[in-house]
Structure formats: structure tokens, C-alpha cells
Amino acid sequence: MDYFKEKELAKEWEAGDTEEGMTVEKMADIVIRGFGNCGEEFCISREACSEDSCACIRDVFPTPQHFEVYKEARAFFERELCRASFIRFLSKGAIFSAERNK
């Protein structure tokens, strides 16, 4: 991977000038499953282009706007999942408490 080529590719991607899109189904699947980028490993693309436009991200998301939608949707999904888990936890506690009072 060439450092300068990576910078050029990232600049083109950041411009967002593409007709390529992403289906709602594909976006929803990625939001639910989460997106694993290059992580802790050394990545020359991440070093050259920054964490938000490395090759790992550009390969999945056609434009930065798609990546932003993903990040917002993922944050919403995680909040709601946490909220639902907490409510379930509380409701189980209420059931156990009601059973003890019988």
C-alpha cells in the first residue's frame, strides 16, 4: 500500500462524488452487527488518511455521508438496546419481587 496513493484515494472518497449507493438493508445489517475496522493493528491507510477515511471504511461505505449515517444509527441502536436490556432487567426484578410477596 502506497502512502501517497492512499491519501489521494481518501481525498477522492471524502469528496463524495459517486453514484454508488448502499441499500437500506445493507446499512441496517451493518448497524445491527457493528462495523469492525482495522482496530488496534498497524494500518498504513489509517496512518495516511486518518481513522475516519482509511481503506477499511472506504471499502464498506461509498461516501463519508454513508459513514456518518452509520455512526448515528449505530449510536441510536446501542442506546435503545441498552435501554431495552435495562427495562427487561427491571421487569424481571419486579416479577421476582411479586412472586416473593405471594
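**Note on aromatic pairs and a nonpolar patch**

1. Phenylalanine 86 lies in helix 5 (residues 64–100); helices are DSSP runs of H or I with at least four residues, numbered from the N terminus. The model is predicted, so local features need pLDDT of at least 70 and side-chain atom pairs pLDDT 80 or more, while totals for chains, interfaces and linings use all residues. Residues are numbered from 1 along each chain as its sequence is written, and side-chain values use heavy atoms, without hydrogens and water.

2. Phe86, Phe89 and Leu90 make a nonpolar surface patch of about 350 Å². Patch residues have over 30% relative accessible area and no salt bridge, and nonpolar side chains are joined within 5 Å. Areas are Shrake-Rupley values with a 1.4 Å probe; a salt bridge is a Lys or Arg side-chain nitrogen within 4 Å of an Asp or Glu carboxyl oxygen.

3. There are seven aromatic pairs, counted where ring centres of Phe, Tyr or Trp (its six-membered ring) lie within 6.5 Å; planes under 30 degrees apart are stacked, over 60 edge-to-face, the rest tilted. Phenylalanine 35 and phenylalanine 61 are edge-to-face, because their ring centres are 5.2 Å apart and their planes at 70 degrees. This pair links distant parts of the chain, 26 residues apart: phenylalanine 35 is in the loop between helix 2 (24–33) and helix 3 (44–49), phenylalanine 61 in the loop between helix 4 (55–60) and helix 5.

4. Both phenylalanine 35 and phenylalanine 61 are buried, meaning under 20% relative accessible area. Phenylalanine 61 and tyrosine 70 form a tilted pair, with centres 5.3 Å apart and planes at 35 degrees. Tyrosine 70 is buried at 7%, and phenylalanine 61 at 0%.

5. Ring pairs join Phe35, Phe61, Phe67 and Tyr70 into a cluster.

Key
Patches are made of residues with over 30% relative accessible area and no salt bridge: like charges are joined within 9 Å, nonpolar side chains (Val, Leu, Ile, Met, Phe, Trp, Tyr) within 5 Å. Helices (H or I, at least four residues) and strands (E, at least two) are DSSP runs, numbered from the N terminus. Buried means under 20% relative accessible area, exposed over 50%, partly exposed in between (1.4 Å probe, protein chains only).
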